[in-house]
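Hi everyone, thanks for making time. I'd like to walk you through some charged side chains today, so let me put the structure up.

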Amino acid sequence: MPDLSPFLWILVLAVTAGAASIQGLVGVGYGMVAVPVLALISPALVPVPQLLTVIPLTVLMAWGEGSDIDFRGVGWLLGGRIPGAVIGVSLLAIATQRFLDLFIGVVVLLAVVVLARGLTVRISPLSQFGAGVASGATSLVASIGGPPTALLYSGERAATIRSTLAAVFTIGVIFTIAVRVVTGNVAESDLRVSAVLLPGVFLGWFASTRLKEKLPQNRVRASVLVIAAVAAIGLLVRGVLG
């Protein structure tokens, strides 16, 4: 458990609430925003606590817009996360965290640039499975598994993006946590930090339920691209700073 001042703990909860509200509005962004920012406050705050605390958030999101979930897509995406997790474990064993941060950051940023120029990826079982593989690997390595799936669905309806990603994240993150537990990558301090962060998560979710109907459909795609770019830049900064 990090030894932080009351002011810093309030800041941590504010960042967590803000990141949770972004995910509640757009469908992605909790780990992408919270992990890089909280890592600057204390490395002990990330990345496992974000994996643990995102589960109640995604369950609430999937439950609230369950009729809009792309269930067929969820199956292919989750199928891809299994080999993706294997790839992630292998990468953790042979590469440094710095290299992985830089590599993932560059790949995600390039994808954002390409999609921002108007390219759309056709949603199919193959592209969904591929996004699942990428998401499973990046989730295990950096606790930021949202960009591959979010970029794939960036052209869909806002409710479909939010609900489908929430369903995928709920099951996928549980799987990722299980892998981390088996491989000894979850500490008792992570559980304590997660308990402290939960009020911020629920506050952010509540705020998103009041604001999501005010977010225009045409801004959802732009928001996904911006958040993914922020996540990529955060990983690049973390990689450069070591």
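**Salt bridges, buried and exposed**

Let's start with K212: its relative accessibility is 19%, so K212 counts as buried, since the cut-off is under 20%. Keep in mind that this is a predicted model.

So what does K212 form a salt bridge with? The partner is E65, and the closest N and O atoms are 3.8 Å apart. Those two come from distant parts of the chain: K212 is in the loop between α9 (188-211) and α10 (217-241), while E65 is in the loop between α3 and α4, 147 residues apart.

E65 has a relative accessibility of 10%, so E65 is buried as well. And E65 also forms a salt bridge with R162, where the closest N and O atoms are 2.9 Å apart. R162 lies in helix α8 (residues 158-182) and E65 in the loop between α3 (48-64) and α4 (71-94), so this pair ties together parts that are 97 residues apart in sequence.

Now, how many salt bridges does the structure hold? There are 4. One of them brings together the side chains of R192 and E188, at 2.8 Å from N to O. Both sit in helix α9, 4 residues apart, so about one helical turn separates them.

E188 comes in at 51% relative accessibility, so E188 counts as exposed, the cut-off being over 50%.

Technical notes: Residues numbered from 1 in each chain as written. Predicted model: local features only at pLDDT ≥ 70, side-chain atom pairs only at ≥ 80, totals over all residues. Heavy atoms only, no water. Buried < 20%, exposed > 50% of the residue type's maximum accessible area, 1.4 Å probe, protein only.
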